[in-house]
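Here is a short tour of the structure for you to follow with the model open beside you. Where does the chain pack, what surrounds the ligand, and which backbone angles deserve a look?

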Amino acid sequence: MLTGKNLIYPTDFTVEQLEGLFRLTDDIIARPEKYARSCVGKILATMFFEPSTRTRLSFEAAMERLGGKVLGFADPASSSAAKGESIADTIRMISCYADIAVIRHPAEGAAHVAALHSFIPVINAGDGGHQHPTQTLTDLYTIRTKKGRFHDLTIGLCGDLKHGRTVHSLIHAMCRYENIHFVLISPEELRVPDYVIREIEAAQGCSYTLNPDLDDAIRQVDILYMTRIQRERFASQEEYLRLKDSYILDGEKMKNAKEDMIVLHPMPIVNEITGAVDEDPRACYFVQAQYGMYVRMALILSLLGGEEGYPTVCGAKMFEKTCVNPRPNGTVHCKNPKCVSNLDLTLPIRVKDGGKICEYCDATIEG
Ligand code: NCD
């Protein structure tokens, strides 16, 4: 049982726990009426500091279909963040009102900060270009359904692998399975971050090749995970314009793919997949989006403790979790300018893996 846990990385759950979550998803799809009142009396808070359609609405639909209620904001301008409130204080307040919280934020590591200060389970719905674990649950459920296995797969990931958080999370999750080969299809400028490469290298059953040529790579893959070029994360508009049409998957390219290959995409699609591909039976991205709501139902149920329920938080416990190690006067800092610790300077630096890696965003620590 996952009760009371947070979901910040997809690997916050063991492989066995994930399988349990997917079995629950199967059952929710088969017998939705059984779960229609499972979350009566519970409240889900959605804190969206960045635009979203699918993720926010699928969370809201998931909670409504479980009989619970939803509150929150979709526009940071309408929250106290616009007045300069820290993530830590915002989540402390939300902890008083709701039973479970979903956060999307442009800063890398923001959801981790929220979890550190929360008294209710926190779900990361995307932290900048870092991670997007609930999209990964959706991707994994689709792979499980369509391919029937998580091992012995060649997975092509194509597009903006540098900024695409869904790519980082999916690789992170797949590194736990046997005999996975990643084909990383991107222009040099949009290669996956070094920390993701380090993860693949450290995983026993995994390997990768860099291949910028989609025409060539498509022949060998079992799964093609397409992504859009992420305009909002580019420092220079010129560079975005130069790279935005790097890859377009069309009917011609699909002719070279295996007959049982599947195409996934986290959505939204901008121009990287033509309409003709939508009609190809190997295109699975619409059903993938549909599975997203059911997987999120299973996730909410599991974190809230299923039928046993998760006790509603009591305000008196709130202030036990505060920042204990104040920041050491700027002598040490995370090298990533998009890291939450460089945006909220009151946050203490936190390190992992022997001290040189930032616990919030996985970049290197300096100083
Ligand atoms: C993704 C995201 O927000 O990272 N969308 C989603 O949540 N399904 C992918 C994207 O925006 O390109």
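## Ground rules

Helices (H or I, at least four residues) and strands (E, at least two) are DSSP runs, numbered from the N terminus. The model is a predicted one, so local features need pLDDT of at least 70, side-chain atom pairs count only at pLDDT 80 or more, and totals for chains, interfaces and linings use all residues. Residue numbers start from 1 along each chain as its sequence is written.

## Overall picture

The chain holds 13 helices and 13 strands. Its C-alpha trace spans about 60 × 55 × 40 Å along the principal axes. The radius of gyration is taken over C-alpha atoms, and the globule rule is 2.2 Å times the number of residues to the power 0.38. For 367 residues a compact globule would have a radius of gyration near 21 Å, and the chain's 20 Å agrees with that.

A residue is buried if 20 or more other C-beta atoms lie within 10 Å of its own, exposed if 12 or fewer, and partly exposed in between, with C-beta atoms placed from the backbone. Buried residues make up 46% of the 367 residues. Two residues are in contact if their C-beta atoms, placed from the backbone, lie within 7 Å. Of the contacts between residues at least 6 apart in sequence, 74% join residues at least 24 apart.

## Confidence

pLDDT is the predictor's confidence in each residue, from 0 to 100. The chain's mean pLDDT is 91, and 93% of its residues reach 70 or more. Over residues 307–326 the pLDDT is below 50, and this stretch has 24 contacts in the model beyond near neighbours in sequence.

## The nonpolar core

A nonpolar core is a set of buried Ala, Val, Leu, Ile, Met, Phe, Trp, Tyr and Cys residues joined through C-beta atoms within 7 Å. The largest one has 100 residues, and those with the most contacts inside it are Ala-101, Leu-224, Tyr-225, Val-263, Met-297 and Ile-300. Helix α12 (residues 285–303) gives the most to this core, with 11 residues. Setting aside neighbours within four places in sequence, Leu-224 is in contact with Gly-156, Cys-158, Ile-218, Ala-257, Met-261 and Val-263.

Strand β1 (residues 43–48) contains Met-47, which is buried because 27 other C-beta atoms lie within 10 Å. Not counting residues up to four places away in sequence, the partners of Met-47 include Thr-90, Ile-94 and Ala-101. In helix α3 (residues 87–97), the buried residues include Thr-90 and Ile-94. The buried residues of α3 pack against β1, β3 (100–105), α4 (110–117) and β4 (122–127).

## Around the ligand

Which residues surround the ligand? They are Arg-54, Thr-55, Gly-126, His-132, Gln-135, Arg-165, Thr-166, Thr-227, Arg-228, Gln-230, Pro-266 and Met-267, where near means a C-beta atom, placed from the backbone, within 6 Å. The elements giving two or more residues to this shell are α2 (54–65) and α6 (165–174). By class, the shell has 2 nonpolar, 7 polar and 3 charged residues. Here Ala, Val, Leu, Ile, Met, Phe, Trp, Tyr, Cys and Pro count as nonpolar, Asp, Glu, Lys and Arg as charged, and the others, Gly among them, as polar.

Helix α6 is largely enclosed by the rest of the structure, because 10 of its 10 residues are buried. Its buried residues pack against β4, α5 (133–147), β5 (153–158), β6, α7 (194–202) and β8 (223–226).

## Backbone angles to inspect

Most residues other than glycine have a negative phi, and most peptide bonds are trans. Met-267 and Pro-268 are joined by a cis peptide bond, with omega about 5°. Pro-268 lies in the loop between β9 (262–264) and α11 (275–278).

Two residues other than glycine to look at next have positive phi: Asn-179, near 55°, and Asp-362, near 75°. Asn-179 is in the loop between α6 and β6 (180–185), and Asp-362 is in the loop between β12 (357–358) and β13 (365–366). Is each of them buried or exposed? Asn-179 counts as exposed because it has 12 C-beta neighbours inside 10 Å, whereas Asp-362 is buried, with 25 other C-beta atoms within 10 Å.
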